[in-house]
Amino acid sequence: MVPSKVFDTDGKLLEALKEGSEILQNVTDMFAPLMKNFRIYFFWEQEKTDFGPTFKYVVKEYSAAPILDDTERAGLPYDHRNMCKFESRTAPGYRLVVAALLTYALNAPSTIAQRWISATEMLKAKRATEAAELMQ
C-alpha cells in the first residue's frame, strides 16, 4: 500500500498514463508526425524514486527517452521527483539542461525565419493553384 501523501492524484489520470494504455498510445500516435517540426531532447531519471517500502523508476528510460532519429537524450542523476530540482548552478543535471536550452534558443531565430519563408512560399503556391483552378 502506498500512502496517499505519496500518490495523491486522480485514478483516471493514472490509468491513462499506464504503460500500454490506449489513451497514451493515441497521444503518441498524434504526436509522432509532429516531431519533425521540433527539436526534442529527452531526459530520464537515473535514480529510483522512494515510495516508502519500495524504490522504483516512475518512468523507465526506454519510455522517457526513446531512441529516435533527430532527437537528443540524456539521463539526469536524480529520481523522478527531483530531476528538475537542481542543488545549484554547478549541478551536473542543471548544466546539461541549460546547455540544451541555450543551444535551442540560439538556433531558434534562424529556424523560425526559414519556416516563415517556407510557409510564405507554400501559401503563394496554394493561391496560384487556386487561381489557376478558377480560371479553368
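Student: Is E72 buried, partly exposed or exposed?
Tutor: Please keep in mind that this is a predicted model. E72 is partly exposed, because its relative accessible area is 31%, which falls between the 20% limit for buried and the 50% limit for exposed.

Student: Which residue does the side chain of E72 meet in a salt bridge?
Tutor: Its partner is R39, and the N to O distance is 3.2 Å. E72 belongs to strand β4, whereas R39 sits in the loop between α2 and β1, so the pair ties together parts that are 33 residues apart in sequence.

Student: What is the relative accessible area of R39?
Tutor: The value for R39 is 47%, so R39 is partly exposed.

Student: How many salt bridges are found in the whole structure?
Tutor: The search finds 2. One of them is the E72 and R39 pair, and E61 and R73 also form a salt bridge, at 3.0 Å from N to O. That pair links distant parts of the chain, with E61 in helix α3 (residues 61-64) and R73 in strand β4, 12 residues apart.

Student: And how accessible are E61 and R73?
Tutor: E61 has 35% relative accessibility and counts as partly exposed. R73 is partly exposed as well, with a relative accessible area of 29%.

Student: What stands opposite R73?
Tutor: F42 stands opposite R73 of β4. Strands β1 (residues 40-45) and β4 (residues 71-76) pair in the parallel sense over 6 bridges.

Student: How many residues of β1 are buried?
Tutor: Of its 6 residues, 5 are buried, so β1 is largely enclosed by the rest of the structure.

Student: Changing topic, where does S21 lie?
Tutor: S21 is in the loop that runs between α1 (11-17) and α2 (22-31). S21 is buried, because its relative accessible area is 12%, below the 20% cut-off.

Student: Which residues is S21 in contact with, leaving aside neighbours within four places in sequence?
Tutor: S21 is then in contact with E15 and A16.

Student: Lastly, what about A131: which helix is it in?
Tutor: A131 is part of helix α4, which covers residues 92-135. With 38% relative accessibility, A131 counts as partly exposed.

Note on methods
Residues are numbered from 1 along each chain as its sequence is written. This is a predicted model: local features need pLDDT of at least 70, side-chain atom pairs count only at pLDDT 80 or more; totals for chains, interfaces and linings use all residues. Side-chain values use heavy atoms; hydrogens and water are left out. Helices (H or I, at least four residues) and strands (E, at least two) are DSSP runs, numbered from the N terminus. Buried means under 20% relative accessible area, exposed over 50%, partly exposed in between (1.4 Å probe, protein chains only). Contact means heavy atoms within 4.5 Å. Two strands pair if DSSP finds at least two bridges between them. A salt bridge is a side-chain nitrogen of Lys or Arg within 4 Å of a carboxyl oxygen of Asp or Glu.
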